[in-house]
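Here's a quick tour for anyone meeting this structure for the first time. Have a look at the picture, then read on.

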Amino acid sequence: MRVIAGSARGRKLQVPPGTLTRPTPARVREALFSILGSHLSLAGARVLDLFAGSGALGIEALSRGAAHATFVEAASPALHALRHNLRPFAGDATLLPTYVERALSELPAAGFDLIFLDPPYDKNLLPEILPQVVSRRLLAADGRIACEHAGAVPPEPLPAGLPLCQQRRYGSVGLTVLSAAVATP
């Protein structure tokens, strides 16, 4: 697996062994960043990568101009790969080695222009996590949330205050991009 574009284009990323972590395929990452590019400038953006795994999404954002990314991951094999992958981005990245539910209560309000949410598909966590992101006001005004989910299972119901920007399916992978344009005053 490699970074697709930007300053770190072509950099190899370590992937955790086993089947617990499901790295986002390159074609899906490319599609996601194409969708995001029509809604949000990554230049100087503050990014939050929840359920970060190998960190591919947050690292891709850093490579494409994001100023800082915070990565939240609790699984030991993923943490090992993530620490390795973040070495070149040490000054631009923060790693929180904890569970997402715990991290949500500690993160700053309106602190992020872009939030990636890629929880394990089999746990159906998006309906639980998205309302917490809204209630904690983690997303900056005009920010975006990019959710990855099983293609046939989009996050429902969507929390009030997060209008749907786009929803796409790429084989077994679904992408849902939400806006915070009206989520914060």
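Is F33 buried or exposed, and what about F116? F33 is buried, and F116 is buried too (under 20% relative accessible area, with exposed over 50% and partly exposed in between, using a 1.4 Å probe and protein chains only).

## Ground rules

This is a predicted model, where local features need pLDDT of at least 70 and side-chain atom pairs count only at pLDDT 80 or more, while totals for chains, interfaces and linings use all residues. Residues are numbered from 1 along each chain as its sequence is written, and side-chain values use heavy atoms, leaving out hydrogens and water.

## The aromatic pair

Searching the whole structure turns up 1 aromatic pair (rings of Phe, Tyr or the six-membered ring of Trp, centres within 6.5 Å; planes under 30 degrees apart are stacked, over 60 edge-to-face, the rest tilted). The ring centres of F33 and F116 sit 5.8 Å apart with planes at 55°, so the pair is tilted. It links distant parts of the chain: F33 belongs to helix 1 (residues 26-37) and F116 to strand 4 (residues 112-117), 83 residues apart. Helices (H or I, at least four residues) and strands (E, at least two) are DSSP runs, numbered from the N terminus.

An open sheet with mixed pairing is built from 7 strands, ordered 3-2-1-4-5-7-6; strands pair if DSSP finds at least two bridges between them. At the edges are strand 3 (93-96) and strand 6 (164-170), each pairing on one side only.

Strand 1 (residues 46-50) and strand 2 (residues 68-72) run parallel, joined by 5 bridges. L50 has V72 in strand 2 as its bridge partner.
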